[in-house]
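The following exercises are to be worked with the sequence and the model side by side. Each task is followed by a stepwise solution.

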Amino acid sequence: MKDFLKRIYSGVEGRLIVFILLLFMSSIVLVSVNYYTHKINASIRAFLFGESMYSKGQKDATRYLNQYIFYEDSVYINLYYNSISVPKGDGLTREALEANADDEIVKQYLLQGNNHPEDLNNLIWLVRNFEGLSFMKKAYEAWSAADYYINELDLVAEEIFIKSAEDSLTNVEINYYNEKLYDLNNQLTIKQDEFSSVLGEAGRKAESLLFYFNLIVVFIILSSTLLVIYLMLKKVTFQNKSLKLINHELDKFVYSTSHDLRAPISSLKGLIYIAKREHEVNQILKYLDIMEDVLNRQDSFIKEIIDLSRNKRVEFTLKEINPLEIVDQSIWNHQYMQGAGTIFFEKNIVLDTLLIDEARFLILLNNLISNSIKYHDANKERQFIKIELKKQGENILFSVADNGIGIKPEHQEKVFDMFFVTQNKNKGSGLGLYIVSDVLNKIGATIKLDSEYKKGSKFTIQWKDFSKS
């Protein structure tokens, strides 16, 4: 068995399994300890709430007894008994717990002590599981002493009620009982504070221990994670040593994109340098707007690269979709693009369903809509983008038209080339229409461009209806 485990651990896969198990077990321990620490603190808070009810009941009982001494009104007798029943209930709870009574009996006494019904199980659980620990012993001692004074208070009350029933209390007796009640109240306050202090300190210690325990477990988890990552990277590196990572197309792509990826960084560094030395708030805000624009362009460029990569690597999968929902989704995705707010979208979607590769259809939509928004003509009173989808014989016709700035005749044959951009203020990355062309190759579609400079453009895509195949 020892040799078997040694062979497992000697391999990369075996070590990964060991570390993953360690992560799993550490996580279970972390969750368990946090759960029980929370339960302990919740139970302690429940006891402290119960102590506040205990204290309130005792002080109310003392107050009503004082009022009875002065006024000898029988209404204060009932108020006294109602109030004193709360600490008495807690006293009965302690005796029942010490006698290991049934939980249902203990709960009845706890309810008499005005404890919250949802706290009952936690209160019993804390005593049952921690009664041997020092903090519970100290709390029990304070609790027991307080119950002794509660019984003393009750005896004094009975004595007052009996004497008052026989004859009115004399001034001497009133002063005596007032001093007696004052002394009992002080003694009970001391024990109540002692009880709260012991449990409060226990709660703070539990939280402190939990903090250090969490640090240790998190360190173990992080260390194990780093080891797993290291082993996985080591394995991947070993498996890919003999592979050619760069071919001619990738060389061209990396060379062409490196400038576009680095240029925004250089721009941002320059803007940050200038902004640090600028004291005018409005000018700093202008710099921030420029930074935001640079980042938005970079984000758009990266998304285009991701679309290109996804189109090249993901298999072609047909799926029946609701084209109107996909069109609405794409329009919604572009609603915050600069200039989109002034553009009116027209939709003429004749088909209720369409059999197509959903991901690639969305890529087409996103790039064509983004392109139309990017090259809109802000000088025109009514700016629009019209999206049409219909069936023509055995073919599907899909078009996106706009009344934007249009494309010059000399540029129209090049717009589908990688990294080709026209010279204008809305300069893009030169990938959008190239991605459209790449997607069309995957689905066996053709595209036609109709554009007039300063009038607008229309892209019409046609492919064979896959539902007829």
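**Exercise 1.** Is lysine 454 buried or exposed?

Solution. This is a predicted model, in which local features need pLDDT of at least 70, side-chain atom pairs count only at pLDDT 80 or more, and totals for chains, interfaces and linings use all residues. Residues are numbered from 1 along each chain as its sequence is written, and side-chain values use heavy atoms, with hydrogens and water left out.

Step 1. Buried means under 20% relative accessible area, exposed over 50%, and partly exposed in between (1.4 Å probe, protein chains only).
Step 2. Lysine 454 has a relative accessible area of 57% and is therefore exposed.
Step 3. Its place is the loop between strand 6 (446-452) and strand 7 (456-464); helices (H or I, at least four residues) and strands (E, at least two) are DSSP runs, numbered from the N terminus.
Step 4. Although lysine 454 is not a glycine, its phi is positive, near 70°.

**Exercise 2.** Describe the setting of asparagine 114.

Solution.
Step 1. Asparagine 114 belongs to the loop between helix 4 (103-112) and helix 5 (120-130).
Step 2. Its phi is about 65°, a positive value in a residue that is not a glycine.
Step 3. With a relative accessible area of 41%, asparagine 114 is partly exposed.

**Exercise 3.** Which residues does isoleucine 160 contact, leaving aside neighbours within four places in sequence?

Solution.
Step 1. Contact means heavy atoms within 4.5 Å.
Step 2. The partners of isoleucine 160 are Leu65, Tyr68, Ile69, Leu169 and Tyr177.
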